[in-house]
Amino acid sequence: MANRGASRDIASRDQWAAQVAALDETPSAPRAPRAPITVGRIVDAALELVEAEGFDALTMRRVAAALQVSPGALYAHVRDKAELDDLMIGELCSRVTLPVPDPAQWKDQAVDVCRQLRDQYLQYRGISRAALEAAPHSLDALRISEGIVAILLAGGVPVQSAAWVIDAAFQYIGAYSLVWLRRNPREDVEGRVVDRAEVIERYGMLPQDRFPIAVAHAQELTSGEGHDRFDFTLGLLLGGLTPATS
């Protein structure tokens, strides 16, 4: 009876053959360990989401899904959405190159730094809202302020004037970035792109007695290519600065 019971545990001939054949099979490669969650990875994933879908699509849950982790895993590294917004603005600021202040080129240098920040905002649709809704607190954002103030001081601008102009410039860059994305391309209610020629044509259809300026000056009112208006406004802002007299 004992021998019969033991025989039930012995593999059949086919099972034995399968086990022998398996000895020659290449074992499957071990699964690569998942990269640890870091603040840098969270910020990168958030920026990729904003670049693809816009700032309105950004949530902690969406970022967690992109990283294939639970939302709770993010909060061990980022306190909340507001902190994530600040970190993203800081990352964009870190990409801006600051020149060595040149007293002979201070206006051009200041405008160039503002252009760089604008271009970063435009790459990530709507992200400048984060800078407008709460003043950035990161050291990278402070680096931009410090750099532009240094440029203005090199041009002889008083510290207080430089500080106030920087505040106005940052607000303008953020607001301009939001408006530019809404207007370029501009679309009507049917989703068609409305170019400058059509805007001028529409102005021409207005009753001249009620809209005399729009009809008479449609060309001037719609003028400007690319970021001409951005440069013009910054030029006015910086042009009003008066270097301190020694």
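## Salt bridges in the model

A salt bridge is counted here when a side-chain nitrogen of Lys or Arg lies within 4 Å of a carboxyl oxygen of Asp or Glu. The structure is a predicted model, and a search of the whole structure finds ten salt bridges under that criterion. Side chains of opposite charge can pair when their charged atoms come close.

## A pair within helix 11

Arg 202 forms a salt bridge with Glu 198, and the closest N and O atoms of this pair are 2.8 Å apart. Both residues belong to helix 11 (residues 196-204), where Arg 202 and Glu 198 are four residues apart, which corresponds to about one turn of the helix.

The two partners fall into separate accessibility classes: Glu 198 has a relative accessible area of 19% and is buried, whereas Arg 202, at 36% relative accessibility, counts as partly exposed. Because buried means under 20% relative accessible area, the 19% of Glu 198 places this residue in the buried class.

Asp 56 forms a salt bridge with Arg 129, with the closest N and O atoms 2.3 Å apart. This pair links distant parts of the chain, since Asp 56 sits in the loop between helix 3 (39-53) and helix 4 (60-67), while Arg 129 is in helix 8 (residues 128-133), 73 residues apart from Asp 56.

Asp 56 counts as exposed at 67% relative accessibility, and Arg 129, with a relative accessible area of 27%, is partly exposed.

## A pair of sequence neighbours

Asp 80 forms a salt bridge with Arg 79, and here the closest N and O atoms are 3.8 Å apart. Because the cut-off for a salt bridge is 4 Å, the pair at 3.8 Å is included. Arg 79 is exposed, with a relative accessible area of 59%, while Asp 80 is partly exposed, its relative accessible area being 29%.

A search of the whole structure finds zero disulfides. Among the cysteines, Cys 93 is buried with a relative accessible area of 4%, and Cys 114 likewise counts as buried at 4% relative accessibility.

Key
Residues are numbered from 1 along each chain as its sequence is written. This is a predicted model: local features need pLDDT of at least 70, side-chain atom pairs count only at pLDDT 80 or more; totals for chains, interfaces and linings use all residues. Side-chain values use heavy atoms; hydrogens and water are left out. Helices (H or I, at least four residues) and strands (E, at least two) are DSSP runs, numbered from the N terminus. Buried means under 20% relative accessible area, exposed over 50%, partly exposed in between (1.4 Å probe, protein chains only). A disulfide is a pair of cysteine sulfur atoms within 2.5 Å.
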